[in-house]
Amino acid sequence: HRMEINGATVWVRLSTFEILWELACAARTSPPGWVPGRRLSSGNYHNAVSRLKSDLAEVACLDGSIVQNDGHGRFRLALSPENVSYDAEALAVNMPGLLRRAEVGSSA
């Protein structure tokens, strides 16, 4: 899936996109944005977050600090919600279920 990170277009795995979406929505709707790992992945959420970090390191040179772990199975995006935006029209066409699943205010 195509994303823009720090002004550069990158392609990430679907699982990376979905986890980032969950974390970004939580950051926007319920600061400080902690999300239980089981909500991020139905399987082993530690492995899912590890794959996300690996994907982002490979395609966008981001280190693992973009996602924080509270040590109790919860994760959050280590970015201010104002630094995350999305294209609602593109999501509505390409991933309507994902857009409906999250209750997010207006796009940034």
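Residues are numbered from 1 along each chain as its sequence is written. Because the model is predicted, local features need pLDDT of at least 70 and side-chain atom pairs count only at pLDDT 80 or more, while totals for chains, interfaces and linings use all residues; side-chain values use heavy atoms, with hydrogens and water left out.

Helices (H or I, at least four residues) and strands (E, at least two) are DSSP runs numbered from the N terminus. Strand E1 (2–5) and strand E2 (residues 8–11) pair in the antiparallel sense over four bridges; two strands pair if DSSP finds at least two bridges between them. Within this pair, Glu 4 stands opposite Thr 9 in E2. In a regular strand the side chains alternate between the two faces of the sheet. Buried means under 20% relative accessible area, exposed over 50%, and partly exposed in between (1.4 Å probe, protein chains only).

A separate description applies to the open sheet, in which three strands are ordered E3-E5-E4 with antiparallel pairing. Strand E3 (35–36) and strand E4 (67–69) each have a single partner strand and stand at the edges, so one side of each is left without a neighbour in the sheet. Two bridges join E3 to E5, and Val 35 has Phe 75 in E5 as its bridge partner. H1 packs on the sheet, touching E3, E4 and E5, and its direction makes about 80° with that of E5. H3 lies across E4 and E5 and runs at about 150° to E4.

The two helices also pack on each other. H1 and H3 have axes 9 Å apart, at an angle of about 105°. Axes are lines fitted to C-alpha atoms, for helices over the stretch in contact, and angles run from 0 to 180 degrees between N-to-C directions. Angles under 35 degrees count as roughly parallel, over 145 as roughly antiparallel, 65 to 115 as roughly perpendicular and the rest as oblique; H1 and H3 are therefore roughly perpendicular to each other. Thr 16, Ile 19 and Leu 20 in H1 meet Ala 48, Val 49, Arg 51, Leu 52, Asp 55 and Leu 56 in H3, where contact means heavy atoms within 4.5 Å.

The largest nonpolar core has 28 residues, and those with the most contacts inside it are Phe 17, Leu 23, Leu 40, Leu 56, Val 67 and Leu 77. Such a core is a set of buried Ala, Val, Leu, Ile, Met, Phe, Trp, Tyr and Cys residues joined through side-chain atoms within 4.5 Å. At least two of its residues come from each of strand E1 (2–5), helix H1 (14–29), helix H3 (45–60) and strand E5 (74–77). H1 gives the most, with eight residues. Leaving aside neighbours within four places in sequence, Leu 56 is in contact with Ile 5, Val 12, Thr 16, Leu 20, Cys 61, Leu 62 and Ile 66.

Some backbone values remain. Most residues other than glycine have a negative phi, and most peptide bonds are trans. Asn 6, in the loop between E1 and E2, has a positive phi near 50° and is exposed, with a relative accessible area of 75%. Cys 61, in the loop between H3 and E4, has a positive phi of about 55° and is exposed at 72% relative accessible area. A cis peptide bond, with omega about 10°, joins Pro 31 and Pro 32; Pro 32 is in the loop between H1 and E3.
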